[in-house]
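Work through the exercises below with the sequence and the model open. Try each task before reading its solution.

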Amino acid sequence: MGTTVEPFDMESNLALVAGVAAASMVAVEAAMRKAGVKPGDRVSFVGHSQGGLLAARLADSGRYATPRLLTVVAPLGTFSPRGTHPALAILHLDDLIPHLGGAWNPPGIPHEQTHSGTPA
């Protein structure tokens with residue numbers, strides 16, 4: 001634990017789960033600006049693991065017109081979206097990561113549960 005130069009570190013994981021400012025969010029929004037994405041632009045957010053929770057937070061920020069959100073094995077836990085965009089969370093029943101958000105089923109986000117295909 002502790003602060004690192006890597007914006008996608010455990011500190012960012014914890015900040016995103018807690019719903020507070022995270023270095024990973026700052027890094028992604030800087031990359032979006034560099035790519036020409038402006039506030040109000042239509043952005044479909046897709047993310048895996050920490051990226052899924054980051055995508056959910058960005059989709060819900062209200063800074064972008066979000067037509068859809070897809071997360072895969074993300075620690076969404078107690079994240080409850082406020083936006084009206086369609087969303088889907090894919091969860092692997094045999095994966096630890098979704099549990100790290102504090103709860104298994106994200107409230108307010110339809111989810112599909114499946115096994116990862118990894119032998120037990």
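**Exercise 1.** Which residues of helix 1 (residues 10-18) are buried?

Solution. This is a predicted model: local features need pLDDT of at least 70, side-chain atom pairs count only at pLDDT 80 or more, and totals for chains, interfaces and linings use all residues. Numbering starts from 1 along each chain as its sequence is written, and side-chain values use heavy atoms, with hydrogens and water left out.

Step 1. Take helices as DSSP runs (H or I, at least four residues), numbered from the N terminus. Step 2. Apply the cut-off: buried means under 20% relative accessible area (1.4 Å probe, protein chains only). S12, A15 and L16 are the buried residues of helix 1. Step 3. Look down the helix axis. These buried residues fall within an arc of 100 degrees, so they line one face of helix 1. The arc is taken over directions from the helix axis to the C-beta atoms. Step 4. Find the cover: it includes helix 2 (23-34) and helix 3 (50-59).

**Exercise 2.** Describe both ends of helix 1.

Solution. Step 1. At the start, a side-chain oxygen of D9 comes to within 3.2 Å of the backbone nitrogen of E11. Step 2. Just after the helix, G19 has a positive phi of about 80 degrees.

**Exercise 3.** In what order do the elements of the protein run from the N terminus on?

Solution. Step 1. Count three helices and four strands; strands are DSSP runs of E, at least two residues. Step 2. Read them off: α-α-β-α-β-β-β. Step 3.

Key
Buried < 20%, exposed > 50% of the residue type's maximum accessible area, 1.4 Å probe, protein only. Contact = heavy atoms within 4.5 Å. Polar contact = N/O pair within 3.5 Å; in protein donor to acceptor, adjacent residues only side chain to side chain.
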